[in-house]
Amino acid sequence: MRLETTRIDIGTTRPLVLLNTVDATELGAHPLDRLRIDENGTTTGIVKVTDELVEQGVLGVTEPLHHVCGPVDVALAGTPQSVQYVRKKLNDIELEDDELEAIVKDIHENRLSDIELSAYVSAVYANGLSLQETKHLTRAMTDIGRQLSWDAPVVADKHSIGGVAGNCVTPIIVSIVAAAGLTMPKTSSRAVTSPAGTADVVEVFCDVEFSMAEIESIVAEANGCLVWGGGVDLSPVDDAIIRAENPLSIDPPGQLMASVLSKKRSAGSTHVVIDIPYGEGAKVESLADARELADDIKRVGAHLDVAVTCAITHGTEPIGHGVGPLLEARDVLAVLHGDGPESLRLKSVRLAEMLLTHCGVDASAADLLESGAALDRFRRIVAAQDGDPDIEPDDLEPGSESTTVQADRAGVVTSVDNRQLCDLARRAGAPKDSRAGLVIHTSTADPVELGDDLYTIYAETGSKRAAAETLAADREPIRVRSKTDALVEQR
């Protein structure tokens, strides 16, 4: 059948095509079938059927297919072979290397529907991946995308598996390590379910989206960079899988390892420190699980010729005071200036020290921070990424709408809940509103009096501040108990 194409202004991540009901009936096409589109090559679209959005004889193409134009020949395409392999995994049968490669290839080429991709993610979550599956999946995800390469024999990198509010140690670590003379081209993600990804925080200071050639130039100038990884097509299959995981709030260990290490290998990293926070409210709840995950990550890293060491850290409460892009950026800059939250400074120095040792460099992370060398390097990176290197912490003003939640009793802080604080910061507008978020005024075991400040909510609009206040009234992210009750809880 020959149809005339028209662009449909719907920003989907999948290559959806809209068929009029009459054309769909003639083709024998049903919703979620695949349509082969021939126009200077073959493209596949996933069918949606409509009576009104497109007329008979017209094929509507959504944003991923906007390159398709003019009259095209269309026909039904078969179901990808990889769908059978997804079904196999749903039945808890271990996948062969070529089967994992087929799934990765079809995800990359947008040949799986959202439902089929969700089925794959659910199968991995329910049945897990063996170590062999994880190794080969990671290799397949690495090979499908672009890869950076560097002249330096040692290329340093760092990653956190996440789950801790305000844990923005990366800009500090990159500044320390680059100041020590190592190459550290850090590619980071934007937030998806958290109030701020590293790229969101860095964007407060400077641009984060660059081409590969521009990244190479920045690293040549400053020994390091702090850029958004999504702009350079490193392990692109990972981005598609993450989009399917997020609505379900799942991050199964095997897929997590493949995600992290495929990105590191694609970035050209040779030596990596991976932060694994554990504890109540973190992604990994027990020390035993954290140790098991660390061992598996190191094995998969060795399979990719990446030297990995892991830091197992406490993740029961936030790092730093700020939660949200600008508020975390303010903490980062304060630490680089020799001030700021002690928890953020200590964790940054510890991880930087581990990375320097892992890379065989005899240098003191604390000295590089305290001497101002790390701040100077950070300024060089910011300048190279088209930002203002002279920006000061006081220049970073949070949203004008704010409210402070105070203790309704005297006593002791018995817990600080990461997840609830992240939920509140997002309700206030973070990360989309970069000046929104929270400032946390207290920590576990701190004594408080009636009326003491617990945390402050910042928003850019009154409606979002009110929405966060409503949520705060239903939650208890910072729990205060009388000293007697606190002792009972501890027992």
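Modeller: This is a predicted model. Its protein chain is divided into domain 1 (2-77), domain 2 (81-128), domain 3 (156-393) and domain 4 (401-481).

Colleague: What separates the centres of domain 1 and domain 2?

Modeller: Taken over C-alpha atoms, the two centres are 25 Å apart. At the boundary, 7 residues of domain 1 are in contact with 9 residues of domain 2.

Colleague: How much area is buried between domain 1 and domain 2?

Modeller: The buried area is about 740 Å², and carbon and sulfur atoms give 45% of this area. On the side of domain 1, R14, L32 and R34 supply 67% of the area buried against domain 2, more than any other three residues.

Colleague: How many salt bridges cross that interface?

Modeller: The rule finds 2 salt bridges between domain 1 and domain 2. R14 forms a salt bridge with D114, and their closest N and O atoms are 3.2 Å apart. The interface also has 5 residue pairs in polar contact.

Colleague: Which classes of residue does domain 1 present there?

Modeller: The side of domain 1 that touches domain 2 has 3 nonpolar, 2 polar and 2 charged residues.

Colleague: Where do F205 and F378 lie?

Modeller: F205 is in the loop between α7 (198-202) and α8 (212-222), while F378 is in helix α15 (residues 373-384), so the pair ties together parts that are 173 residues apart in sequence.

Key:
Residues are numbered from 1 along each chain as its sequence is written. This is a predicted model: local features need pLDDT of at least 70, side-chain atom pairs count only at pLDDT 80 or more; totals for chains, interfaces and linings use all residues. Side-chain values use heavy atoms; hydrogens and water are left out. Domain bounds come from an automatic or database domain assignment. Contact means heavy atoms within 4.5 Å. Buried area is the accessible area (1.4 Å probe) that two parts lose on being put together, summed over both. A salt bridge is a side-chain nitrogen of Lys or Arg within 4 Å of a carboxyl oxygen of Asp or Glu. A polar contact is a pair of N or O atoms within 3.5 Å; within protein, one must be able to donate a hydrogen and the other to accept it, and residues adjacent in sequence count only if both atoms are side-chain atoms. Ala, Val, Leu, Ile, Met, Phe, Trp, Tyr, Cys and Pro count as nonpolar, Asp, Glu, Lys and Arg as charged, and the others, Gly among them, as polar. Helices (H or I, at least four residues) and strands (E, at least two) are DSSP runs, numbered from the N terminus.
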